[in-house]
Amino acid sequence: MDSVNVYKNYFNVFRDIIREMHSHKDLEDVLNLGVRKTAEVLQAQGAVVQFLDQSSQQFTQRAAWGIDKCYFSNGPETKKRLQRLIREKEKHHFIRDINNAPELISAQQAWDDGIRLIMELPLSLDIQILGVMRIFLTKERQFSNDELDFVLTVSEQFACVIGRVQCVEIMEAQYDHLAKHTEKMSSLGRMAAGIAHEINNPLAGILLYSSNMIKKVPDLSPLKEGLEIIISETTRCKGIIQGLLEFARDREPQKVVTDINLIVRKSLKILENEFHIRHITVEQDLGDSMLVLLDENQIEQVLVNIFLNAIQAIDKNGIISIKTGADSKQDELKIEVSDSGCGIDKKQLDRIFDPFFSTKSRGTGLGLAVSYGIINNHQGTIKVESRSGQGSSFTITLPLLSSSGREARQQVLR
Amino acid sequence: MKPFKILIIDDEEVICNACHLILSERGHTVESKMDGAAGLKALQSNRYDIVLLDMMLPDMEGMEILKTIKQKTPQAGVIVITGYSTVANALKAMKLGAADYLSKPFSEDELLASIDKVCSDLKP
């Protein structure tokens, strides 16, 4: 084949792969066509593409042509080896002495299958390894620079495709997680309302009879203490159920235009005494006045709840800092509350917004779940960062009133 | 305090019995009915000073009974009791003419305080 025809051949293969990639076909179809065309043009026995599964850290075969065995390990040793190649900027790696190749786990089998030369190309984006492409030949030979160039270009395209697919997969997984979480919250809400109603009736019977009996028991009677406990525990149940109902109600916020800093100051004021008694310093770094459309009572409830958690995490002598400010685009406001308290264990951090999850012995586990629901209803987000022993930091974002909204508001005020 | 004639309408027998015990110990005359229809029937044939009314009955909504009581026997003071208390519900009941609102579970003292409050509001 003269050189013009060789280039034409490369060009055609490359064009077919690119065309396939842009035809929105299945990823497998694109990769299968790619490995087949590449193997054909290099007169190879076959070719395969493997992906590195980011969670299991194992390689899995995603496309193959002409080869039905994997002579390599799919585990961490292969990843390590390919990573070294990437670090050393070796874009391809030839395995020529098949019988004695340490890279292979079934060298004998490869030899018996007639394999005499294997070309390996790590597929990566920057230094992150995504997979590997392997080309198997039945004859030991040298590759021309043009051939190497061609194979490298194909492998780079594969890496881009895999990167894109993994990005979509991660996004899908995040969406699934979110969808499940939302569903869990809403079905739990319905169930909570039902349970609350059913439990309040028997509790009413217990509380009425015990509060009636306690008056009939002489002061020194041993029954007195038991009855007192029954009454206080029943009252405690009432509190838990009330919290549960608040959570289940999922009511629409009654939004008004207000300045977030006013709500922050009001919430701090409520707990002023508590801060003083426990020697907690509150550091405020409040930004310029920021107008937001929100339910003042609900946001106050969220802030008070976060401050209370911070107080409990600190117990005595510590710092709570609160910062408010708008983002650079002026469309979102951020409230950050950090404390110097005991922090949250890594294992517990994922569950902190789950209903009924509590780290406190007398906690209902509803405070942050309710807060989560409230912020969600305001189209905002609430996140937590924490390390055990190093304090916690809650970040709430809420949409700022758009400039058109502000104008409308100003007109109303006029 | 003079004894009153009190009707309890609640489908929970334990609650009816408990309120019956507490109120009769205070000298009041107490009757209880376990559904809306029986409650309304009793209201037609007797005159009560106070009605303790559950909001969720098996046969009808408590709010409907409240409306009927206020139309037919407006002199009776109605204390609404409910297991699913919301501010909105309480407001609605008050607007319809309820004299007080107790959310379950409540204690003897809370019940008696409510009865006292309603009694002092009742026209002689």
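Select T281(A) to begin, which has its place in strand β7 of chain A; helices and strands here are DSSP runs (H or I of at least four residues for helices, E of at least two for strands), numbered from the N terminus. This is a predicted model, in which local features need pLDDT of at least 70 and side-chain atom pairs count only at pLDDT 80 or more, while totals for chains, interfaces and linings use all residues. Residues are numbered from 1 along each chain as its sequence is written, and chains are lettered from A and ligands numbered from 1 in the order in which they are written.

Is T281(A) buried or exposed? T281(A) is exposed because 12 other C-beta atoms lie within 10 Å; a residue counts as buried with 20 or more other C-beta atoms within 10 Å of its own, as exposed with 12 or fewer, and as partly exposed in between, with C-beta atoms placed from the backbone.

Now show the open sheet of 5 strands in chain A, whose order is β7-β9-β10-β12-β11 and whose pairing is mixed; two strands pair if DSSP finds at least two bridges between them. Its edge strands are β7 (280-286) and β11 (381-386) of chain A, each of which pairs on one side only. Neighbouring strands of this sheet are turned by 10° against each other on average, direction ignored; axes are lines fitted to C-alpha atoms, for helices over the stretch in contact, and angles run from 0 to 180 degrees between N-to-C directions.

Select β10 (residues 332-339) and β12 (residues 392-399) of chain A next, which pair in the antiparallel sense over 7 bridges. In this pair, E332(A) stands opposite P399(A) in β12(A).

**Helices on the sheet**

Helix α7 (residues 260-270) of chain A packs on the sheet, where it touches β7, β9 (318-326) and β10 of chain A, and its direction makes about 165° with that of β9(A); residues are in contact if their C-beta atoms, placed from the backbone, lie within 7 Å. Helix α9 (residues 296-314) of chain A also packs on the sheet, touching β7, β9, β10 and β12 of chain A, with a direction at about 20° to that of β10(A).

Within α7(A), pick out the buried residues, I260(A), I263(A), V264(A) and S267(A). They cover an arc of only 100° around the axis, which puts them on the same side of α7(A); the arc is that of the directions from the helix axis to the C-beta atoms.

**Across to chain B**

Finally, select the contact between the chains, which takes 18 residues from chain A and 16 residues from chain B. On the side of chain A that touches chain B, α5 (145-214) and α6 (222-249) of chain A each supply at least two residues, and α5(A) gives the most, with 14 residues.

Chain B itself has 5 helices and 5 strands, following the pattern β-α-β-α-β-α-β-α-β-α along the sequence. Of the 124 residues in chain B, 44% are buried.

Technical notes
Two residues are in contact if their C-beta atoms, placed from the backbone, lie within 7 Å.
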